[in-house]
Amino acid sequence: MTRWAAFLLARRWLVLIVTVTALVLGGAWGLGVFPHLRFEGFLDDGSEAAHVTHQVEEHLGRREPDIVAIYTAPPGQSIDDIGPEVAGHLAALDRTRVERVDTYWTVPVVEKPYLRSADGTRALATVTLQHSGSGDRPAYHDLLSVLQVPGVDTQLTGKTVVDDSFNTQLKTDLVVAESVSLPLTLILLVMIFGGLTAAAVPVLVAALSVLSALGTLRLLTMFTEVNAFALNVTSLLCLGLAIDYGLFIVSRFREELRSGASPNDAVRRTVLTAGRTVCFSALLLVCAFAGMLVFPQEVIRSLGLGAISAALSAALLSLTAVPAALAVLGARINSLTWRRGAVERGEVRAHRFWGAVADRVMRHPLRVAVPITLVLVVFAAPVLLTRFGSISYTSLPPGNPVRAATEQLVQEFRSPGGDITVLVHGTAGSPPPLHASLGFVAQADAVDGVTGAQPIATTSDFTVISAAVTDRSDVERANAAVAALRELAPPAGTRIEVGGPFALEADNNHAITEALPTMIAVMVGATLLLLFLAFGTVVLPVKAVAMAGLSLGATFGLLTWIFQEGHGAGLIGVAPEPVQPTLVVLILAVVFGLSTDYEIFLMSRMVEAHAAGASTETAVHTGTALTGRVVTCAALILGTVTAAFALSPMTIMRFIGLGMIFALVIDATLVRMLLVPSLIKLMGDANWWAPAPLARLHRRIMHGGSEGPGPRHRATARGRSTPAAGRHRSSVDVRRPRRKGSSPDRGAAAIDPVHRPHRGGLDDPAPSGEDPLADTTDGHSPTSPAPADGSR
């Protein structure tokens, strides 16, 4: 980091111009990502049901049409009357692009009931398009005008039409969210920084981050399938994290300037301190999102890759464009200030307020910790009621014409079977005997929830049996029917495979449930390792993971209570339905990552203070006072960005948006500023403990084998200070107020949380050329014991 800081200062304009140019060009190229986004990959391709689908499509062709046109006969006419006119329009379709067309007027008589509405006023025409091997959606928009019949009400739906409607809505939502969030964020940052110039830097970097998201996703589409939701999720995270990281960097830079540092020294110090913390923060987020890569569903992996790229892009921008811009601006970062001195006075008041909050919490830690923990547990209780569902057309806005057409198709037309598909294989590599297939049909019809089982095709390898469920709205009963079919003994000399939409959903949910423990293990293990490397203690990382778990449980509980159980669902314009498991995985990774993200900003300042000789209580006071305002502001800004994305009328985006807002509110207030200080106070000096072998390992890794100031080697006695303390003064005095008649807390008085030489904290590395263990004032090592009287 020292070399990078020096390079930045020497080549500030070069770094800034190269970064901006690369992102603008990458964003322009990334605008071509939209045609490559797919609304697929929600299922486990390795499951039994997916294997059934692949075999049926391979031998019999695709059964799900791309376009379904619903024709309604005008008053005074029947569907037979409009048949010739509809047929004339369908004949104009470009047959080189169409694989198959089926209509009510052309199918055999036995199939007509399935293409006619129950009241006989509507009829269907289905179009299956030619698909290329690239996996991209075939162009079809010009075909829609051909399907429209003048004088006949025509509604359009179908798989490709629904998918494209999702993509269009997501693209619109992205534009609206960015148009709303950037101006609001600028206003908030002006209020936080008290000046336009300082506020503009994070906002401009956030705008660049959106270009970075587009370019990154376009690059990913060249190597893997990328789901359409990845665009909005990646943009949301890029935007929010870039602004948050920019806030931390600019805040630290201004703090350094206020303390009297020159602009160049302030940039160098900011990169070495806040820059290093941003690096660790991004790594923690990458670890959280890396857990999403263990799932077999392509949509989850693409969301994970997009989220990882968002965290890395935001951190990269915060370590290149932001410090380069600060180096160019220098002291002018404080220009265009709306009121001189207002920000400094606000900083002092904020530090005093948050320090007082920490003091009050630590006077009665049990009275704070127990009620807050109970509240979070109550919030988490609805998690026990969670049921998994799937993303469907109901996620589109209620007024969407494609959703309306799909609802009409589902409600007014009979299912032609296909809810359940069973393949009966002959064990000798040939189709099963007819009597075996018919025997299994009889068995299937006897299963509760199954009706209309019948063989529909025979290939060289198997016989296809199609069946319907008695009640499509009763998903639990349908899933039970699928499970019962799989338990049936196959006829002699055969084996069976069960597929269909309900089997696909059941297999998908099972695959996610099986992979969740692995994901959690990856996230927790990587987080514990990184936090141990950052802090040198095993207690604080375990506490951080426990706090993230509490935040996560409370967030999921609230989401389940609203989106599934329906409490308050009408207020936010959503209909209650089972939770989509893909969103569960995404929220799990995002909330866990953000929780540990804020933890590292808070704990790094506490560890700094303790490394400088403060008691545990004073370290808590100092860390809370210094980070309370910036963490709260960061949560407010990220919450604002998230709220802009939650303006989407789509249930999916509202689920993600509200989930992140709940997590931010819970984590930045109840957990970070109340529960964490109370628990650290209760654990006392045990917070800084690590087993001797791990302590030695930490020193070897982080300090090159020298006796670095690991937590167990820091001065931990209450009121004891190290010789490093007190040589510099902070720009803000965060010393705890002394009661009248009491003696000063020497550890607190000695702490300079901003400009002290390195004593082992993550956020305060040793200046270049200085031995981090040497003490230049009296020849004593900070790890050497102090005399009994506290003198040197």
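Tutor: Let us begin with a definition: a residue is buried under 20% relative accessible area, exposed over 50%, and partly exposed in between, with a 1.4 Å probe and protein chains only. Please note that this is a predicted model, in which local features need pLDDT of at least 70 and side-chain atom pairs count only at pLDDT 80 or more, while totals for chains, interfaces and linings use all residues. Residues are numbered from 1 along each chain as its sequence is written, and side-chain values use heavy atoms, leaving out hydrogens and water.

Student: Why is Cys238 called buried?

Tutor: Cys238 has a relative accessible area of 1%, and the limit is under 20%; therefore Cys238 counts as buried. Cys287, at 15%, is also buried.

Student: How many disulfides does a search of the whole structure find?

Tutor: The search finds zero disulfides. The term requires a pair of cysteine sulfur atoms within 2.5 Å.

Student: What makes helix α12 largely enclosed by the rest of the structure?

Tutor: Helices are DSSP runs of H or I with at least four residues, numbered from the N terminus. Helix α12 covers residues 321-329, and eight of its nine residues are buried, so the helix is largely enclosed. The buried ones are Ala321, Val322, Pro323, Ala324, Ala325, Leu326, Ala327 and Val328. Their cover includes α1 (2-10), α2 (12-30) and α7 (196-221), where contact means heavy atoms within 4.5 Å. After α12 comes Gly330, with a positive phi near 60 degrees.

Student: Which residues lie nearest the centre of the largest cavity?

Tutor: A cavity is a set of points, on a 1 Å grid over the protein atoms alone, where a 1.4 Å probe fits but cannot get out; lining residues have an atom within 4 Å of a point. By this rule there are four cavities of 30 Å³ or more. The largest holds about 360 Å³, a volume being the space filled by probe spheres set on the points, which are joined across faces, edges and corners. Among its 23 lining residues, Ser251, Glu255, Arg605, Leu626 and Val630 lie nearest the centre. Helix α8 supplies the largest share of this lining, seven residues.

Student: What is the volume of the second largest cavity?

Tutor: The second largest cavity contains about 140 Å³ of space. Its lining comprises 13 residues, with Glu577, Pro578, Gln580, Leu583 and Thr651 nearest the centre. Helix α22 (residues 651-683) gives the largest share, three residues.

How values were computed: 1 Å grid on protein atoms, 1.4 Å probe; cavity = no way out; pocket = protein on both sides within 12 Å on 5 of 7 lines; lining within 4 Å. Helix = DSSP H or I, 4+ residues; strand = E, 2+ residues; numbered from the N terminus.
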